[in-house]
Amino acid sequence: MKRLFVILLIVVALLVFFDSCKKKGPETEPVQESVEKVDEDVPKVDRPVLTEEEIFQKRSLEEANKAGYLKKVFFEFDKYDIKDNMKPVLHRNADWLLKHSQVEILLEGHCDERGTFEYNMALGEKRAESSLNYLISLGIKPERVKIISYGKTRPEVKGVDEESHYQNRRVEFVIIKK
């Protein structure tokens with residue numbers, strides 16, 4: 001009986017084996033449909049273009065000052081008069097301020113490291129005042145502008161060479177109200 005069961009099991013296994021090995025019909029390749037590309041006019045969504053004023057208004061005061069709308073004015077050693085090559089800078093600053101009539105600014109007068117603390121505080125104030133007077137002559141209302149002197153307490157760059165001194169002799173224009 002056992003022998004018959006083993007023979008039957010072997011026969012079934014051989015049938016399953018040969019059935020799985022027999023050759024199947026030819027495989028059919030998937031039909032590839034050719035797709036035509038249709039050029040459709042896709043409606044373009046126009047993003048509104050922001051004006052310079054809208055961009056400016058979206059910025060914080062810190063971002064607006066970093067953006068460099070207003071440029072610095074530089075001075076000669078021991079001087080506070082506006083140099084000819086700085087007048088165009090003041091004109092551009094004034095033009096921008098005239099376009100942005102709600103803006104108020106602070107003019108910060110700075111000096112290089114040479115001279116006493118007191119002398120440089122006075123010189124920084126004179127530099128800020130001369131910049132203010134020039135802006136007033138270009139149509140900027142004085143009530144929109146405040147001045148302060150930092151003397152030599154806030155150098156732009158460290159150094160004792162002439163280029164460092166030049167960069168420290170300046171008036172910075174800081175936006176304080178939009």
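## Helix H5

The buried residues of H5 are Asn 120, Leu 123, Gly 124, Arg 127, Ala 128, Ser 130, Ser 131, Leu 132, Tyr 134 and Leu 135. Buried means under 20% relative accessible area, exposed over 50%, and partly exposed in between (1.4 Å probe, protein chains only). This is a predicted model, where local features need pLDDT of at least 70, side-chain atom pairs count only at pLDDT 80 or more, and totals for chains, interfaces and linings use all residues. Residues are numbered from 1 along each chain as its sequence is written, and side-chain values use heavy atoms, with hydrogens and water left out.

H5 covers residues 117-137, which makes 21 residues. From first C-alpha to last it reaches 30 Å, close to the 30 Å expected at 1.5 Å a residue. That expected span is 1.5 Å times one less than the number of residues. Helices (H or I, at least four residues) and strands (E, at least two) are DSSP runs, numbered from the N terminus. Just after H5, Gly 139 has a positive phi of about 105°.

## The sheet

Four strands form an open sheet in the order S1-S4-S2-S3, with mixed pairing. S1 (73-74) and S3 are the edge strands, each with a single partner, so one side of each has no neighbour in the sheet. Two strands pair if DSSP finds at least two bridges between them.

S1 and S4 run antiparallel, joined by two bridges. Val 73 stands opposite Val 171 in S4, and Phe 74 has Arg 170 as its bridge partner. S2 and S4 also run antiparallel, with six bridges. One of the pairs is Glu 104 with Lys 177 in S4.

## Helices on the sheet

H4 lies across S1, S2 and S4, at about 5° to S4. H5 packs on the sheet too, touching S2, S3 and S4, and its direction makes about 155° with that of S3. Axes are lines fitted to C-alpha atoms, for helices over the stretch in contact, and angles run from 0 to 180 degrees between N-to-C directions.

## The core

Which residues have the most contacts inside the largest nonpolar core? They are Ile 105, Leu 107, Leu 135, Phe 173 and Ile 175, in a core of 26 residues. Such a core is a set of buried Ala, Val, Leu, Ile, Met, Phe, Trp, Tyr and Cys residues joined through side-chain atoms within 4.5 Å. H4 gives the most, with five residues.

Six of the eight residues of S4 are buried, so S4 is largely enclosed by the rest of the structure. Leaving aside neighbours within four places in sequence, Phe 173 is in contact (heavy atoms within 4.5 Å) with residues including Leu 90, Ile 105, Leu 107, Ser 131 and Leu 135.
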